[in-house]
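Open the structure in a viewer and keep the sequence panel beside it. The stops below say what to select and what is found there.

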Amino acid sequence: MSNLHDLVGVLRHNGITDPLVLSAFGTVDRKRFVPGDVREYAYDNSPLAIGFQQTISQPLMIAIMVELAGISRGMNVLEIGTGSGYQTAILAHLGAKVTSIERIPELALRARTCLEEYGKRVELLVGDGGEGYPPNAPYDAIIVSASCPELPPPLGEQLKEKKGKLVIPIEDAGAGEATLFVISREGSTYHYANHGPCRFVPLQGEYGKHEVQDE
Ligand code: SAM
């Protein structure tokens, strides 16, 4: 694939219909968020290695999650797993106020540089995203970009009641695969809507894989 226009075409062809989402993917240049050794593949609809055993997500998967979360201007959004910062930029471009948490300081540092132009709309933090970030809660939407054994309780508690949407890949027991869920909340009751299979790197830390690997 050769350019941003082609990438948007692939998203449209695969069922992404929201014109604002398509426009965001046509504006935020993925090439700026990938390391030099994979830059020639920047407009491919595939995940790419960004170092530290992590990946920039597949564009289609990001578009699906952003559409499912119903992101719109002014929303208060929490993103877990900043990675390259590409999805963060898409969210900020859509006008959301984004709090994004990344566990690996080197990735967060690199993403911070790429995200400079979004200024006050992005608050980038280093830490265990499974804990969320209570000072900015409640969130209209929470997007988790790493697969979890189950919903980390702090994230559920920081989701806005009724209208809030939490998009999260939850691991299928022992299968190495995950299912994408949209979770909504009424008090302490959580409703799960199944949106089919997906693949993500695992969440690390207190609510994910406990043994943090050496990078
Ligand atoms: N959406 C990102 C992008 O566009 O580049 C890609 C995210 S990548 C698939 C998942 C990220 O989650 C990795 O950068 C990884 O370090 C991060 N991660 C894993 N466990 C985490 C945790 N407990 N807290 C914060 N980030 C975590």
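This is a predicted model. Begin by selecting residues 48–51, strand β1, together with residues 54–56, strand β2; the two run antiparallel and are joined by three bridges. Pick Gly-51 and look across to β2, where its bridge partner is Gln-54.

Now select Phe-52, which lies in the loop between β1 and β2. This hairpin has two residues between the strands. Phe-52 is not a glycine, yet its phi is positive, at about 55°. For context, most residues other than glycine have a negative phi.

β2 gives three residues to the shell around the ligand, the largest share. Two further elements to colour are α4 (86–93) and β4 (97–102); like β2, each of them supplies at least two residues of that shell.

Next, show the whole shell, which has 24 residues. How do the residues of the shell divide into nonpolar, polar and charged? Nine are nonpolar, twelve are polar and three are charged. The residues that come nearest to the ligand are Ser-84, Glu-102, Asp-128, Gly-129 and Gln-204.

Turn to individual atom pairs. Select Ser-84: a polar atom of its side chain lies 2.6 Å from an oxygen atom of the ligand. Move to Gln-87, where a backbone N or O atom is 3.4 Å from a ligand oxygen atom. Then select Gly-127, which has a polar backbone atom 3.5 Å from a nitrogen atom of the ligand. If pockets are drawn, look for the ligand in the largest pocket.

What kind of peptide bond joins Ala-137 and Pro-138? The bond is cis, with omega about 5°. To place Pro-138 in the fold, colour β5 (122–126) and β6 (141–144); Pro-138 is in the loop between them.

The last stop is another hairpin. Select residues 178–186, strand β8, and residues 189–198, strand β9; they pair in the antiparallel sense over eight bridges. Pick Ala-178 and look across to β9, where Cys-198 stands opposite. Which residue takes a positive phi in the hairpin of β8 and β9? Select Gly-187: its phi is positive, near 60°, and the hairpin has two residues between the strands.

Note on methods
Residues numbered from 1 in each chain as written. Predicted model: local features only at pLDDT ≥ 70, side-chain atom pairs only at ≥ 80, totals over all residues. Heavy atoms only, no water. Pairing = 2+ DSSP bridges. Helix = DSSP H or I, 4+ residues; strand = E, 2+ residues; numbered from the N terminus. Near = heavy atom within 4 Å. Polar contact = N/O pair within 3.5 Å; in protein donor to acceptor, adjacent residues only side chain to side chain. 1 Å grid on protein atoms, 1.4 Å probe; cavity = no way out; pocket = protein on both sides within 12 Å on 5 of 7 lines; lining within 4 Å. Sits in = over half its atoms within 2 Å of the grid points. Nonpolar A, V, L, I, M, F, W, Y, C, P; charged D, E, K, R; others polar.
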